[in-house]
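Please examine the sequence and the model shown below.

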Amino acid sequence: MAKTKPGKKDLHSYPIKGTSKVVRVGDCVLMRASDSDKPPYVAKVYKIVGDHRNNVKVRVRWYYRPEEAIGGRRQFHGAKELFLSDHYDFQSAHTIEGKCIVHTFGNYTKLENVGPEDYFCRFDYKAATGGFYPDRVPVYCKCEMPYNPDDLMVQCETCKDWCHPTCMSMTIEEAKKLDPFLCSLCSSKDADKRPLNSFHVEPKGELKRRKR
């Protein structure tokens, strides 16, 4: 943990101006972007520091959106997906606009209702190298893509694989009416069982590090 400089003191909390919300260490927050056309940045607060002039700064660890990482947004990335980076900064607490919740991937998929403050994270991201952890994830369907929680998938009764209705040449409404559902491989007489493959996450491309 970074040491507090002389003349400054650690604070237990920070009230967000214009709201009734209070930020504490460990909270995830929305921070105003320098470009007003961009959505707020998401970060996790690790330290809150104030001085005798009531200037308050927070040490944060940034979450990156897929479009801010190498390779950009990909087909399997959810609309509310974030990557927990190894990029730390001290920022003025005045740029905090609100609080949010960054769920684990498993907990996010169990939410009955996803609110504006709900996000999820399933990858750690190395900002300097563009590396991801884990660097491989399971794939599903005949398109062999990782799971995107925004896309409806139906489970095959035989092989238990999950499939996108569009990849099975059917509409979402048609898929919901099928009971049981059989994928195209299992519905064929000479179907062979498929091994569960994995998708290599790390893309190739130029390194991009967020500028503040």
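## Strand pairing

Phe-83 has Phe-123, in β9, as its bridge partner. The strands concerned, β7 (residues 81-92) and β9 (residues 118-125), run parallel and are joined by 5 bridges. Strands pair if DSSP finds at least two bridges between them; strands (E, at least two residues) and helices (H or I, at least four residues) are DSSP runs, numbered from the N terminus.

β7 also pairs with β6 (residues 56-64), in the antiparallel sense and over 7 bridges. Here Lys-57 stands opposite Ser-92 of β7.

## Basis of the model

This is a predicted model, in which local features need pLDDT of at least 70 and side-chain atom pairs count only at pLDDT 80 or more, while totals for chains, interfaces and linings use all residues. Residues are numbered from 1 along each chain as its sequence is written, and side-chain values use heavy atoms, with hydrogens and water left out.

## Nonpolar cores

A nonpolar core is a set of buried Ala, Val, Leu, Ile, Met, Phe, Trp, Tyr and Cys residues joined through side-chain atoms within 4.5 Å. Buried means under 20% relative accessible area, exposed over 50%, and partly exposed in between (1.4 Å probe, protein chains only).

The largest core contains 27 residues, and Met-31, Val-58, Ile-96 and Tyr-125 have the most contacts inside it. At least two residues of this core come from each of β4 (28-31), β5 (41-51), β6 and β9. β6 gives the most, with 5 residues. Another core, of 11 residues, lies apart from it and includes Cys-141, Val-154, Cys-156 and Ala-175.

## A loop residue

Leu-178 is located in the loop between α2 (172-177) and α3 (184-187). Leu-178 counts as partly exposed because its relative accessibility is 39%. Its C-alpha atom is separated by 9.4 Å from that of Val-154, 24 residues apart along the chain.
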